[in-house]
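Q: Please look at the structure below, and then go through the terms used to describe it.

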Amino acid sequence: LLRISTLSFPGKKEYIIKEIVQNTEENYIYLCNEEYLIKVIFPSFVYSFVSYDESLLQKRMLDIGKLAKKKNYDLLSEKGYVFEIKNSNYLEFSQKNSCRYYEQIGIDLKDILVFTWNGAVEIITEIYPEIEIEALN
């Protein structure tokens, strides 16, 4: 588990996942609270994504919590995180089920996790996301 966001999300209130957009023109996740809107942009093709909260994938959330604890990330202390998960089971599952096609043609896929207090989105892509922050007031 490697934190790739280099900033603490601003504001005093917790962020929620507002919107997830994946289509042929754009791929992004909007996170928001009463003060800010954060847009996590995936500038390249998104090969796969899964969105969940703690009630659906409790084991996965527990595993993420264990990984975060090893790196001294307190998932409850900040408003949100963007991570790359190294040695990801989700990525390995995807590679296995594509007959390792992307490995064979030299594409380095990444498992990116966008995590907030109310849910998570895991995305397999080849380029790290860009993050834009907009004040709402």
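**Terms and cut-offs**

Q: Why is Y47 called partly exposed?
A: Y47 has a relative accessible area of 22%. Buried means under 20% relative accessible area, exposed over 50%, and partly exposed in between, with a 1.4 Å probe and protein chains only. Y47 is therefore partly exposed.

Q: What kind of model is this, and how are residues numbered?
A: This is a predicted model, where local features need pLDDT of at least 70, side-chain atom pairs count only at pLDDT 80 or more, and totals for chains, interfaces and linings use all residues. Residues are numbered from 1 along each chain as its sequence is written, and side-chain values use heavy atoms, leaving out hydrogens and water.

Q: What is the average pLDDT of the protein?
A: The average is 83, and 87% of the residues score at least 70. The scale, from 0 to 100, gives the predictor's confidence in each residue.

Q: Why does F45 count as exposed?
A: Its relative accessibility is 54%, so F45 counts as exposed.

Q: What makes the pair of F45 and Y47 edge-to-face?
A: Rings of Phe, Tyr and Trp (its six-membered ring) pair if their centres lie within 6.5 Å; planes under 30 degrees apart count as stacked, over 60 as edge-to-face and the rest as tilted. The centres of F45 and Y47 are 4.9 Å apart and the planes stand at 85 degrees, so this pair is edge-to-face. Ring pairs also link F45, Y47, Y101 and Y102 into a cluster.

Q: How many aromatic pairs does this rule give?
A: The count is four. One of them joins Y28 and Y30, edge-to-face, with 4.8 Å centre to centre and 65 degrees between the planes. Y28 and Y30 are both buried.

Q: What makes K39 a charge over the ring of Y28?
A: The rule asks for NZ of Lys or CZ of Arg within 6 Å of the ring centre and within 35 degrees of the ring normal. K39 lies over the face of Y28, 4.4 Å from the ring centre. K110 lies over the face of Y128, at 5.2 Å.

Q: Why is Q95 called buried?
A: Its relative accessibility is 5%, so Q95 counts as buried. Leaving out residues up to four places away in sequence, Q95 touches R100, Y102, E103 and L109. Touching here is contact, with heavy atoms within 4.5 Å.
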